[in-house]
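Here are my notes from going through the model you sent. Have it open while you read.

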Amino acid sequence: ASAFLLTHLVTLTHYPVADCDEAHYSNVASVFLERGVFGNNLTGEDRPIAQNSTGVGRLFALGVAFFFRWLGVSLFSARLFSLAGYLATIVLLYFAGRSVFHPTTGLLAAALFALSWIALLHGHSGRPDVWTSAGGIFAFLMLQLAISKERIVWAGAAGLVAALTIEFHLNGIHFLAASGALALVWGLRRRAWAWLFAYGSGVTCGLFIWFFGHYLMSPVPTALVQEIATATIQHSMAGKLTGLVDWWWRQYWVGTNYESLLQGLYFGLGPGVLAIRREFKGRMLVAYIILSALSFGLVALVQEDWYRVLW
């Protein structure tokens, strides 16, 4: 474990090559340390984004800012926070696999993620994607616990966690959609009205925190809502579904020069086996994957290849 961690630390700033997204996300954290606002002034102080970069998740910016405060503003500090997210995802995968299936399943899931080059790349990137992945797994784990325990406290916590996932990146909305749909179906079938109310209260609280942190603290004009509406309304359903299939095809076939073929086959085999076995927890996981992916295909205006780490 020590050698594994040391290898990551030594190569942290060398692989991969730094990109402009890392600079922009880091700048928001740096501006927060200097002025107490989540602004991005890389493109000038006269733009509204210099006072409020609404598209940047506050939890992610605060995390990077903490590492900057602790170690100084640098590429190493920014990537070290992402490395922490990579390690957190490994741990969460273990507990999710253990809770839903078996300790061996948890160990295998954690190990396969840890050794995946896709995960490694994001663990060495100052972008928030790996933390969003951790949030999506945590949201599923909390939902599973809330359903198995059938207690309103767990339901409220599950709703809050699902909503706060978007405080890492807006792609967290897809996990909120999947968690919310599953919670609604389960609650209605069981007529667990108090449980549903608690879950909805958690979601409402999380969304208010997001709205407060992004708009009420420093309201500025934003094209965010317009972009989401454009992606949702102005494109046909068939076109979106075709685009989603093409996106998955690129991730595990032609887009990676066939390097990820084995990984893609394994990824597809798991949900297929779970669907055949018809176990409740397994089918819930399959539904969570499908619903979050569909949300991504139907809502997301930008569908970059690096978002694959979320699933």
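1. Ground rules. This is a predicted model, so local features need pLDDT of at least 70 and side-chain atom pairs count only at pLDDT 80 or more, while totals for chains, interfaces and linings use all residues. Residues are numbered from 1 along each chain as its sequence is written, and side-chain values use heavy atoms, with hydrogens and water left out.

2. Aromatic pairs. The whole structure has 26 of them, counting rings of Phe, Tyr and Trp (its six-membered ring) whose centres lie within 6.5 Å; planes under 30 degrees apart are stacked, over 60 edge-to-face, and the rest tilted. One to look at is F175 with Y288, a stacked pair at 5.9 Å centre to centre and 20° between the planes. F175 sits in helix α9 (residues 172-190) and Y288 in helix α14 (residues 280-299), so this pair ties together parts 113 residues apart in sequence. (Helices here are DSSP runs of H or I, at least four residues, and strands are E runs of at least two, numbered from the N terminus.)

3. F175 again. F175 also pairs with W311, this time tilted, at 6.0 Å centre to centre and 45° between the planes. That link reaches from helix α9 to the segment after α14, 136 residues apart. F175 is buried at 3% relative accessible area, and W311 is buried at 15%; buried means under 20%, exposed over 50%, partly exposed in between, with a 1.4 Å probe and protein chains only. Ring pairs join F175, Y288 and W311 into a cluster that also takes in F140, W247, W248, F267, F296, W306 and Y307.

4. A nonpolar surface patch. F4, L5, L9, F66, W70, L71, F76, L87 and L115 make up this patch, with about 850 Å² of accessible area together. Helices α1 (2-11), α3 (58-71) and α4 (75-100) each give two or more residues to the patch. (Patch residues have over 30% relative accessible area and no salt bridge; like charges are joined within 9 Å, and nonpolar side chains, meaning Val, Leu, Ile, Met, Phe, Trp and Tyr, within 5 Å. A salt bridge puts a side-chain nitrogen of Lys or Arg within 4 Å of a carboxyl oxygen of Asp or Glu. Areas are Shrake-Rupley with a 1.4 Å probe, and for residues only the protein chains shown count as cover.)

5. S26. Helix α2 (residues 20-35) holds S26, which is buried at 15% relative accessible area. Beyond its neighbours within four places in sequence, S26 contacts F68 and A78, contact being heavy atoms within 4.5 Å.

6. I152. This residue is in helix α8 (residues 152-164) and is partly exposed, at 47% relative accessibility. Setting aside neighbours within four places in sequence, I152 touches A194, W195 and A198.
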